[in-house]
Amino acid sequence: MQTNQWQVYGQTLNSRLFIGTALYPSPKVMCDAIQASGAEVITVSLRRQTASDSQNGQQFWQMIEDLGCHLLPNTAGCYSAAEAVKTARMARELFETDWVKLEVLGDSFNLQPDPFALLEATETLIKEGFKVFPYCTDDLVLCQKLADLGCEVLMPWGAPIGTGQGLLNPYALTVLRERLPEMNLLVDAGIGKPSDAVMAMELGFDGILLNTAVAEALSPEVMAQAFKEAIHAGRLAYEAGIMPKRLQAKPSTPTLDQPIWQQG
């Protein structure tokens with residue numbers, strides 16, 4: 001059984017973990033953690049890169065290149081469709097990829113995506129040939145509309161970014177999986193611990209995108225390894241078929257009329 005290999009916008013990947021590059025205590029810790037995670041896709045911020053023309057910035061970029069991962073630029077910090085589209089266009093030029101993690105925020109308190117601006121920006125970018133990875137809420141109607149626009153990947157949140165709250169609405173995520181069976185779905189945001197990732201994968205999600213849970217761990221490298229194994233375990237369990245929950249007890253060792261040594 002092949003548990004990890006999958007297709008994302010025509011690209012074959014072996015890891016189901018996407019990982020970010022922010023918040024680490026040092027670039028070396030970041031690189032060690034990313035390598036330990038086994039991730040093949042890393043998110044990068046356009047604003048960080050354009051603001052780092054110094055020698056340290058160039059060294060950081062070289063470390064990113066040396067990792068040999070697929071780059072997924074994001075439009076973090078954008079609060080309008082126009083701003084997000086402009087940032088995505090700049091990112092395509094700088095990072096030489098048509099992949100973009102599209103973030104269009106609507107609220108500064110919980111960093112919730114603006115569904116209306118997100119749809120507007122998605123439509124524009126797809127028409128321009130971008131392969132859009134939209135960061136969205138777990139709203140079914142919104143996700144269906146994003147799929148109708150041509151997105152092949154959706155990234156609904158488990159909880160607000162950086163909160164570590166885990167999956168606040170497993171029901172909504174379960175409905176997304178059932179109603180969009182052919183769509184690549186990744187939980188993006190809110191994952192706090194490996195068991196959160198296991199739960200998402202057991203629901204049938206295709207992958208996890210996270211940053212803070214690894215970057216802010218006491219040992220990011222060890223936590224990255226923990227998430228790698230958790231995602232693999234959750235996917236394996238989903239593919240194996242998880243037993244249904246029951247209200248009534250069911251004996252795991254059924255008994256017949258007489259002990260086994262008296263039968264026959």
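Glu128 is partly exposed, at a relative accessible area of 30%; on this scale buried means under 20%, exposed over 50% and partly exposed in between, using a 1.4 Å probe and protein chains only. Its salt-bridge partner is Arg89, with the closest N and O atoms 2.5 Å apart. Glu128 sits in the loop between helix 5 (115-127) and strand 7 (131-136) while Arg89 belongs to helix 4 (residues 81-95), so the bridge ties together parts that are 39 residues apart in sequence. Arg89 is partly exposed too, at 39% relative accessibility.

Some housekeeping before going on. This is a predicted model, where local features need pLDDT of at least 70, side-chain atom pairs count only at pLDDT 80 or more, and totals for chains, interfaces and linings use all residues. Residues are numbered from 1 along each chain as its sequence is written, and side-chain values use heavy atoms, with hydrogens and water left out. Helices (H or I, at least four residues) and strands (E, at least two) are DSSP runs numbered from the N terminus.

## Salt bridges

The whole structure has 10 salt bridges, each being a side-chain nitrogen of Lys or Arg within 4 Å of a carboxyl oxygen of Asp or Glu. Here are some of them:

| Pair | Closest N to O distance |
|---|---|
| Glu128 and Arg89 | 2.5 Å |
| Lys101 and Asp188 | 3.2 Å |

The Lys127 and Glu123 pair sits within helix 5, where the two residues are 4 apart, or about one helical turn. Lys127 is exposed at 67% relative accessibility, and Glu123 is partly exposed at 37%. Elsewhere, salt bridges with shared partners join Arg177, Asp206, Arg235 and Glu239 into one network.

## Aromatic rings

A search of the whole structure turns up 5 aromatic pairs. Rings of Phe, Tyr and Trp (its six-membered ring) pair if their centres lie within 6.5 Å, and the planes count as stacked under 30 degrees, edge-to-face over 60 and tilted for the rest. One of the pairs is Phe18 with Phe133, which is tilted, with 6.3 Å between centres and 55 degrees between planes. This pair links distant parts of the chain, with Phe18 in strand 3 (residues 17-20) and Phe133 in strand 7, 115 residues apart. Phe18 is buried at 0% relative accessibility, and Phe133 is buried with a relative accessible area of 0%.

Phe133 also pairs with Trp99: the ring centres are 5.0 Å apart and the planes are at 50 degrees, so this pair is tilted. Trp99 lies in strand 6 and Phe133 in strand 7, so the pair ties together parts 34 residues apart in sequence. Both Trp99 and Phe133 are buried. Which residues make up the aromatic cluster? Trp6, Tyr9, Phe18, Trp99 and Phe133 form one such cluster.

## Strand 8 and its neighbours

Strand 8 (residues 153-156) is covered on both faces, with Val153 and Met155 buried on one side and Leu154 and Pro156 buried on the other. Strand 7 and strand 8 pair in the parallel sense over 2 bridges; pairing takes at least two DSSP bridges between the strands. Tyr135 is opposite Met155 of strand 8. Right-handed here means that, with the strands pointing away from the viewer, the path from the first strand over the helix to the second runs clockwise.

On to strand 9, which runs parallel to strand 8 and is joined to it by 2 bridges. Val153 has Asn184 in strand 9 as its bridge partner. Strand 8, helix 7 (residues 170-179) and strand 9 make up a right-handed β-α-β unit.

Ser37 belongs to helix 1 (residues 27-37) and is buried at 2% relative accessibility. A polar atom of the Ser37 side chain lies 3.0 Å from the backbone nitrogen of Ala39. Leaving out residues up to four places away in sequence, Ser37 touches Leu17, Ile19, Ala224 and Lys228, where contact means heavy atoms within 4.5 Å. Buried residues in helix 1 include Met30, Cys31 and Ala33. Just after helix 1, Gly38 takes a positive phi of about 75 degrees.

Thr87, in helix 4, is buried with a relative accessible area of 8%. The Thr87 side chain reaches the backbone oxygen of Glu83 at 2.8 Å. Apart from neighbours within four places in sequence, Thr87 is in contact with Leu46, Asn74, Thr75 and Cys78.

Key
A polar contact is a pair of N or O atoms within 3.5 Å; within protein, one must be able to donate a hydrogen and the other to accept it, and residues adjacent in sequence count only if both atoms are side-chain atoms.
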